[in-house]
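Trainee: I would like to learn how to read helix packing and aromatic contacts from a set of coordinates. Could we go through one case together, slowly?

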Amino acid sequence: MEGDCLSCIKYLMFVFNFLIFLGGSFLLGVGVWVLVDPTGFREIVAANPLLFTGVYIILAMGAMLFLLGFLGCCGAIRENKCLLLFLLIGRFSAELILFLTVRPQLTREYFTKELKRHYQGYNNTDVFTSTWNAIMNTFDCCGVNSPEDFEDSLFRRLYPTDVVPRACCRRSAHPGDVAYASQEECLLGSMLFRNNKGCYSAVVDYFEMYIYVAGALAIVVLTIELFAMVFAMCLFRGIQ
């Protein structure tokens, strides 16, 4: 009976780690494809620091899941205690490092600090600045939380007479018209002629459905990872 239970745990662990291996292979493939894609997508990613960072996060996660899934499959089939112990420690450490390094960079405080330090307003040769201009123009927003984010910022030191950058100004209501409603009033800080919603909220609202899907996928991955770790611990204890 004990042997049958151990055999069942072994094959369940193999199945869960094989799913992790497949997920890692998929992420790794997507990351590599984006970097070597000959159709020009690589240049778009390279010009956008957020996308550029995202691609390398995908590559790192894919490589981590690929390696841990492969080692998990080998450890389950071979019933190797050293490999299982390494797998448990490695999986826990990798997920902890990923959580500690990625999570702080997704907060409002982090984006606000970076905006104050690096945004240059009208210098479109700067990748960080051009990216933020594109975001504010696309989502009709201003700053991370609100236009007040530009107070005590590099932008205000470069352009002391402008309260907000031109990208924060509201555009004409006519379809297809890219002219600003009143650029002079906007740059002086008039709330009637500028976008007052922060970009953090605007982007989250726009991608709300996709965020829920990503959250559901993350829960599924974490559940699979949890079961894989539980089965690895059970198998480790059951091996004589």
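Trainee: In which crossing, left-handed or right-handed, does H6 pass H9?

Mentor: First, a word on the source: this is a predicted model, in which local features need pLDDT of at least 70 and side-chain atom pairs count only at pLDDT 80 or more, while totals for chains, interfaces and linings use all residues. Residues are numbered from 1 along each chain as its sequence is written, and side-chain values use heavy atoms, with hydrogens and water left out. A crossing is left-handed if the near helix is turned anticlockwise from the far one by less than a right angle, and right-handed if clockwise; here H6 passes H9 in a left-handed crossing.

Trainee: At roughly what angle do the axes of H6 and H9 cross?

Mentor: Axes are lines fitted to C-alpha atoms, for helices over the stretch in contact, with angles from 0 to 180 degrees between N-to-C directions. The axes of helix H6 (residues 127-139) and helix H9 (residues 199-206) come within 10 Å and cross at roughly 60 degrees. That makes H6 oblique to H9, given that angles under 35 degrees count as roughly parallel, over 145 as roughly antiparallel, 65 to 115 as roughly perpendicular and the rest as oblique.

Trainee: Which residues in H6 meet which in H9?

Mentor: Taking contact as heavy atoms within 4.5 Å, Trp132, Ile135, Met136 and Phe139 in H6 meet Cys199, Ala202, Val203 and Tyr206 in H9. By class, this contact of H6 with H9 has eight nonpolar residues, no polar and no charged ones, where Ala, Val, Leu, Ile, Met, Phe, Trp, Tyr, Cys and Pro count as nonpolar, Asp, Glu, Lys and Arg as charged, and the others, Gly among them, as polar.

Trainee: How many aromatic pairs does a search of the whole structure find?

Mentor: A pair of aromatic rings is described by the distance of the centres and the angle of the planes. Rings of Phe, Tyr and Trp (its six-membered ring) pair if their centres lie within 6.5 Å, and planes under 30 degrees apart count as stacked, over 60 as edge-to-face and the rest as tilted. The search finds 12 aromatic pairs; one of them is the tilted pair of Tyr119 and Phe150, at 5.5 Å centre to centre and 55 degrees between the planes.

Trainee: Are Tyr119 and Phe150 buried or exposed?

Mentor: Both Tyr119 and Phe150 are buried, where buried means under 20% relative accessible area, exposed over 50% and partly exposed in between (1.4 Å probe, protein chains only).

Key. Helix = DSSP H or I, 4+ residues; strand = E, 2+ residues; numbered from the N terminus.
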